[in-house]
Amino acid sequence: MGAENKGADAVASEGGSDSKAFLATESLGRLMARLAIPTVVAQLVNLLYGIVDRVFIGHIPGVGADALTGVGVCLPIVLLIASFSAFAGAGGAPLASIALGNGDAGRANRIMANVVTLLVIFAVCLIVVFALFGRSLLGLFGASEATLPYAWSYLSIYLVGTFFVMAYLGLCPFLLAQGDSKYALIAVATGAVLNIVLDPLLIFVCGMGIQGAAVASVVSQGVSAALTVAFLRRKSSVFRVEARLVRPEGEIVRPVLALGGAPFFMQATESLIIVVLNGTLQTYGGDLYVGALTILQSILQLLFAPANGFTQGVQPIVSYSYGARLFDRVKSAAKRLIAVSFAFEFVCAVAVMLFPAPIAQLFTEDAQLVELVGEVAPVFIAGMSLMGLQLGMQSIFMGLGQAKLSLAVATVRKIVLLIPLALVLPHFVGVWGVYFAEPLSDVLSVAFCSTLFLVNIRSILSERALEKVA
């Protein structure tokens, strides 16, 4: 009998008292499909919150282009709010899953209780900061006199739903961590479908315009949050959301924030990147180029969402198996995760490079904007053809509790490469420098991440490394 099967038998007979031992015993291929398919769908559906808003906003008669650009200027703040939910939720869920695999359900629940407290603290702070300084920040983020009114109309309402965003984005990873991906899908899909229904009703029928889009998002996110909490209060759930908040425990919070630092940094710096790109494009091109970037960012989200869903679905298998000391199973899952992630991103990136204009027409009827996106998208998207490798490897780092390696990869791509390139290249090639910066940083970042992975993965999959994480 192989090492993996021995370990699986041990989990089933000794540590399998918890109801989630199937994460270590079920056939790997079947389990990956069972967990990943709902998370892929959930990611795509969740993406509809932003995409549907932009599609309908871009078609508001007479003001669509300015309104769409205004929402694009809000995107850094929207991403920053989401990044704080990842700071706590995405950092805590893998550690909780490792604890479950290690047979310590008590520690797993303490981790989630601390995460809930962190999410509440983050939400309060963000609402206060953006309510006080939101308009000024939007100006810094690239809003012009023409687009600022639309940006603030959207953001001032969107902030009302900050607690909802924190709840469903921060707690859904715990549904995934215990293998309940179908419940995560239900929570997210219900809100997204409601958003699709409310958007045209409030924007066009009720004549609320861009404010209607914001109200639709808040209501939909509230429904998703309520369902997420309800699912985590089921008797069959390993993790249980309690009504009271716990006092943060240092020995829990520190590793949670350390591991959550990577996804937080990736999303928070995405906000910084959009600010830098919008500012540079405003200087060298104007509102039209900022609008084009809004569409390109939406396309990037479409490219990343399915791969992110797949990696999120497989990550609990990696984490739980690692905690259960099934190192061969971790290796097998990691190989499949990287292969699928790469293949998907490569095919999708090539498709966008070949047909950019028809995709742009989903977001706007402005002929100039469609033409510009058609010109720049093949360059801007080119590096995405390789990014599936990095998505897979970074997800494995997260699943194995490797905070420093995850953070290093996030830092190099965004801070060391993309932002400097986006600031320097336009001095030599004008506005096109912004679009060249993205593929250059992607290729160099993938090379860096691959090197880190190959050098470190063997030592990570050891008893000694596991003891430091667990």
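# Pockets, bends and rings

User: How much space lies in the second largest pocket?
Analyst: This is a predicted model, in which local features need pLDDT of at least 70, side-chain atom pairs count only at pLDDT 80 or more, and totals for chains, interfaces and linings use all residues. Residues are numbered from 1 along each chain as its sequence is written, and side-chain values use heavy atoms, with hydrogens and water left out. A pocket is an open set of points on a 1 Å grid over the protein atoms alone, where a 1.4 Å probe fits and protein lies on both sides within 12 Å along at least five of seven lines. The space in the second largest pocket is about 240 Å³.

User: Which helix gives the largest share of the lining of the largest pocket?
Analyst: The largest pocket holds about 500 Å³ of space, and the residues nearest its centre, out of 23 in the lining, are G401, Q402, A465, K468 and V469. Its lining divides into 13 nonpolar, five polar and five charged residues. Helices that supply at least two residues each include α4 (64-101), α5, α10 (250-284) and α19 (463-469). The largest share, four residues, comes from α19.

User: Where is the kink in α5 centred?
Analyst: Helix α5 covers residues 105-140, and its end C-alpha atoms are only 46 Å apart, short of the 52 Å that a straight helix would reach. That expected span is 1.5 Å times one less than the number of residues. Just after α5, G142 takes a positive phi of about 115°. Taking a bend as the angle between axes fitted to the seven residues ending at a residue and the seven starting there, the kink is about 70° and is centred on G134.

User: At which residue does α11 bend?
Analyst: α11 has 37 residues and reaches 51 Å from its first C-alpha to its last, close to the 54 Å expected. Since 30 of its 37 residues are buried (under 20% relative accessible area, with a 1.4 Å probe and protein chains only), α11 is largely enclosed by the rest of the structure. One of the residues in α11 is A292, which counts as buried at 0% relative accessibility. A proline, P306, follows within four residues of the bend of about 30°, which falls at F304.

User: What is the phi of R325?
Analyst: R325 sits in the loop between α11 (287-323) and α12 (327-354). With a relative accessible area of 34%, R325 is partly exposed, a class that lies between buried and exposed (over 50%). Most residues other than glycine have a negative phi. R325 is a residue other than glycine with a positive value, near 65°.

User: How many residues apart are F56 and F204?
Analyst: The structure holds 15 aromatic pairs, meaning rings of Phe, Tyr and Trp (its six-membered ring) with centres within 6.5 Å; planes under 30 degrees apart count as stacked, over 60 as edge-to-face and the rest as tilted. F56 and F204 make an edge-to-face pair, 6.1 Å centre to centre with 65° between the planes. This pair links distant parts of the chain, F56 in α3 (residues 28-57) and F204 in α8 (residues 181-205), and the separation in residues is 148. F56 is partly exposed at 23% and F204 at 35%, and the number asked for is 148.

User: Are F380 and Y435 buried or exposed?
Analyst: The ring centres of F380 and Y435 are 6.1 Å apart and the planes stand at 75°, so the pair is edge-to-face. The pair links distant parts of the chain, with F380 in α14 (residues 367-381) and Y435 in α18, 55 residues apart. Both F380 and Y435 are buried.

How values were computed: On a 1 Å grid over the protein atoms alone, a cavity is a set of points where a 1.4 Å probe fits but cannot get out, and a pocket is an open set with protein on both sides within 12 Å along at least five of seven lines; lining residues have an atom within 4 Å of a point. Grid points are joined across faces, edges and corners, and a volume is the space filled by probe spheres set on the points. Ala, Val, Leu, Ile, Met, Phe, Trp, Tyr, Cys and Pro count as nonpolar, Asp, Glu, Lys and Arg as charged, and the others, Gly among them, as polar.
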